[in-house]
Amino acid sequence: MWIANEWTDYEVLDCGGGEKLERWGDKLLQRPDPQAIWPRTEEDRFWNRANAVYHRSSSGGGKWEIRRLPEQWAISYKELTFQLKPMAFKHTGLFPEQAVNWNFIMEQVRGAGRPVNVLNLFAYTGGATLAAAAAGASVCHVDASKGMTQWARENAASSGLEGRPIRWIVDDCKKFVQREIRRGRKYDAIIMDPPSYGRGPGGETWKIEEDVADFVALTMQLLSDHPLFVLISSYSTGLAPSVMAYLLGTTAVARHPGRVEAQEIGLPVTSTGLVLPCGSSARYIAAR
């Protein structure tokens, strides 16, 4: 497992009973987590210090119970700074386990020894975009949500990266990739973190188990003649790390020599020493 264990502004304090208690800076949030099915180990009063609690609804979804929480606050990871706020569907605008991939992105870009052009698809609030830009890459950031793209731009400004070469694109990722292929554009690195299910701005539907294989094969047409890496993440329990590794092996490696590695990604739990599973990632690294 790749473990995001280099945070100072974030930690999973405890988890169990289908819930997790997290520290985001100096704010404590309690949120549901379907992986944390074991019993809690800490006393309830430890959990009762939460600044906000997300309550699930029996009819689906849920809502936040805000106790002592500002509308927005910031945390940092290394040289990157992210703006946070409680959102619908229990989110905060950041997936901290992705820090393991931000490390990988920065190491790959800085170690390339040449200009690197990165495409970040399903780019959300821009964690991977910021990591690539901070390391010196030119980045094309694509997400179907105008609001998420604006949030990513705010994160770039908070991180002092507003002057870096980043193209901000609000579009359906598949349609954008198809247009880039027709335009003959190429990228040295491709990142994608597709949702398990989603809708594009024109009502396009996305189901990862049904659509990701064709989408990855399509997107590999955008790899340059001298690629650096491809990174895919998934939160779907229906796609094992090995499945994503095979997918990259039959697409990226078929076009350019290299190796593929894949693992679960996770977050350390302070109270127990356990690691909370948080999806998985697969990486194609081109031969040099």
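Me: How many salt bridges does the rule find across the interface of domain 1 and domain 2?

Reply: A salt bridge here is a side-chain nitrogen of Lys or Arg within 4 Å of a carboxyl oxygen of Asp or Glu. Between domain 1 and domain 2 the rule finds zero. This is a predicted model, in which local features need pLDDT of at least 70 and side-chain atom pairs count only at pLDDT 80 or more, while totals for chains, interfaces and linings use all residues. Residues are numbered from 1 along each chain as its sequence is written, and side-chain values use heavy atoms, with hydrogens and water left out.

Me: Which residues belong to each domain?

Reply: Domain bounds come from an automatic or database domain assignment. That assignment gives 2-73 as domain 1 and 96-286 as domain 2. Their C-alpha centres are 26 Å apart. In contact (heavy atoms within 4.5 Å) are 21 residues from domain 1 and 26 residues from domain 2.

Me: What area do domain 1 and domain 2 bury between them?

Reply: Buried area is the accessible area (1.4 Å probe) that two parts lose on being put together, summed over both. Here the value is about 1800 Å², with 68% of it on carbon and sulfur atoms. On the side of domain 1, Trp 2, Ala 4 and Val 12 lose the most area to domain 2, together 40% of what that side buries.
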